[in-house]
Amino acid sequence: MSGKPATAPERPDRPEQPERPAGPGQARPQQPPEPPAPPEHPNQPGPPTPPEAPRMRGRRPPAPRRRWSLRTRLVVSAVALIAVVGAVIGTVTTIALHAYMQGELDRQVQGFVMRAQMPRPHESRRAQGGLDFVAMGGLPLGTVGAWVGPGGTAEAGAMLANPTRGPEEKLADLTAAQVAVLNRVPRDGRPHTAELPGLGHYRAESTKDGSLVLGLPLGYVQKTVGRLVLIEACVTAAGLAAVGLAGSAMVGIALRPLRRVAATATRVSELPLHQGDVALHVRVPASESDGRTEVGQVGAALNRMLGHVGSALSARQESETRVRRFVADASHELRTPLASIRGYAELTRRGREQPGPETRHALGRIESEAERMTGLVEDLLLLARLDSGRPLAYERIDLSPLVVDAVSDARVAGSGHRWRLELPDEPAVVYGDAGRLHQILVNLLANARTHTPEGTTVTARVRAATGAAAGDDGGVQLEVRDDGPGIPAELLPHVFERFARGDASRSRAAGSTGLGLAIVQAVVAAHGGTVEVGSVPGRTVFTVTLPTAAPSEARDTAGRTAPGTGR
């Protein structure tokens, strides 16, 4: 039943229209919900307000902090410690020097004030209005003074401006603001710091009776202390730079044994420990494994760990060798009895005497199971030989004819599938064993035929390798692609393992032994190539990459397994 769409809420400025009755087969229009009525009493709580949904704000994840190396941390810590010690020493030295020089200046001020109060009978009158004490001998340039009158306020002051001229030309008058500062000096007979406008800081002292005020400039003290601070800063900066360089070199030398230990661990991590006969002879040198030092303890512990790992790998290799030898011997010994069983069954079935229906059915089952058992034994024997590192017969091979032959055979065996070829115009030449490469194609095509329904399109493609798969000397890629149901996600990481099975379609009833893809992986690895698989419903692709290396280079790369496989 089709319903009439809900009408949008009317705007308050439009007149409300009457509601029309719904016709047959039509739904009644939905009215917008009315807003909740406000409370009658202002103190009465209204309906609860729904919580506002939190706003999602896109925040950039914080950038990971860059961690400093041990060498950098040690050098920075040493430099920072020395900088703190230098700052403390410099601060204490500066304060002590400033206190000492200011104390000396205070003693001078007190001495000159006492001289100014002493009577001078050889002078007939006081020059410069009673400010002649400012021009006494021994006073430094810039000395200031003021004579306090009967009212207790200094009305004029003078400064020693030029001690080399006559008595009246030595002094210069002070301004009213400067005299006002001298008036504010406490009358306690002790030196105090006063800042005279335009002249700077002074240590001024007034007599206890308040008759005069005398001040000596602090400029020399301040310049000396400032020069000391500058010298300390320059020396400290140069010392920190020297300490940083020397400390970096010394820490680098001290950490050199630790770098050798790290290099040993790196060499071990680069060894192919996942396959083959592992000879783990890499050890930390004896000079870096002395237990009396911290680095030596790390090196000794690493050597003990490598010894345990080497023993475990040797035991594993011995166990795998025994298993491979047993599988190879058993497979080889089973070939003859299986051939005899097949021969006797066929002879009995084709004999002169005609067996009954049940006997013929039993003989057919014996032949089919013996044939299947023979294939399983041959696969196990091939895997055992590949695991033992038996060399292959390398030659220059064009993959295109091999693919054409393999697809032709697959078309005969699986007429219900659609088979397609995508071949390059140029020859796709690789170095390898023709029989083993043909077996790769047969197994991949048989895998596609066995585990996909009829009507599935299977495409075999040969092309030049691109990207990282091409390697340094290029390569050739062989793809087998189908549009079947795909491989289950839980089985995909294990498809190249031996006896790996998925759903019922991959059971023994379908003719699968579970070794076809394991043989593909082993043969490709023996050629120094890689095999990968990607599968989603409707698309499954097996990609084999083979190098175009010379036979000698191929032997060097033989035995490497494909990424992500278990062997």
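At what angle do helix α7 and helix α8 pack? Let's find out in these close-ups of a predicted model, where local features need pLDDT of at least 70, side-chain atom pairs count only at pLDDT 80 or more, and totals for chains, interfaces and linings use all residues. Residues are numbered from 1 along each chain as its sequence is written, and side-chain values use heavy atoms, without hydrogens and water.

**View 1. Helices α7 and α8 pack together.** The angle between α7 (residues 399–413) and α8 (residues 434–450) is about 40 degrees, and their axes lie 9 Å apart. Axes here are lines fitted to C-alpha atoms over the stretch in contact, with angles running from 0 to 180 degrees between N-to-C directions. Helices (H or I, at least four residues) and strands (E, at least two) are DSSP runs, numbered from the N terminus.

**View 2. Side by side, residues of α7 meet residues of α8.** Contact means heavy atoms within 4.5 Å. Among the α7 residues taking part are L399, V403 and D409, while the α8 partners include L437, H438 and R449. This contact divides into 11 nonpolar, one polar and two charged residues. In this sorting, Ala, Val, Leu, Ile, Met, Phe, Trp, Tyr, Cys and Pro are nonpolar, Asp, Glu, Lys and Arg are charged, and the others, Gly among them, are polar.

**View 3. Q102 sits in helix α1 (residues 70–117).** Q102 and Q222 are 120 residues apart in sequence, yet 9.5 Å apart in space, C-alpha to C-alpha. Setting aside its neighbours within four places in sequence, Q102 is in contact with R203 and V221.

**View 4. The second largest cavity holds about 30 Å³ of space.** A cavity is a set of points, on a 1 Å grid over the protein atoms alone, where a 1.4 Å probe fits but cannot get out; lining residues have an atom within 4 Å of a point. The lining is made of V430, Y431, G432, L437, H527, L546 and P547. Strand β9 gives the most, with three residues. Five lining residues are nonpolar, two are polar and none is charged.

Notes. 1 Å grid on protein atoms, 1.4 Å probe; cavity = no way out; pocket = protein on both sides within 12 Å on 5 of 7 lines; lining within 4 Å. Points joined across faces, edges and corners; volume = space filled by probe spheres on them.
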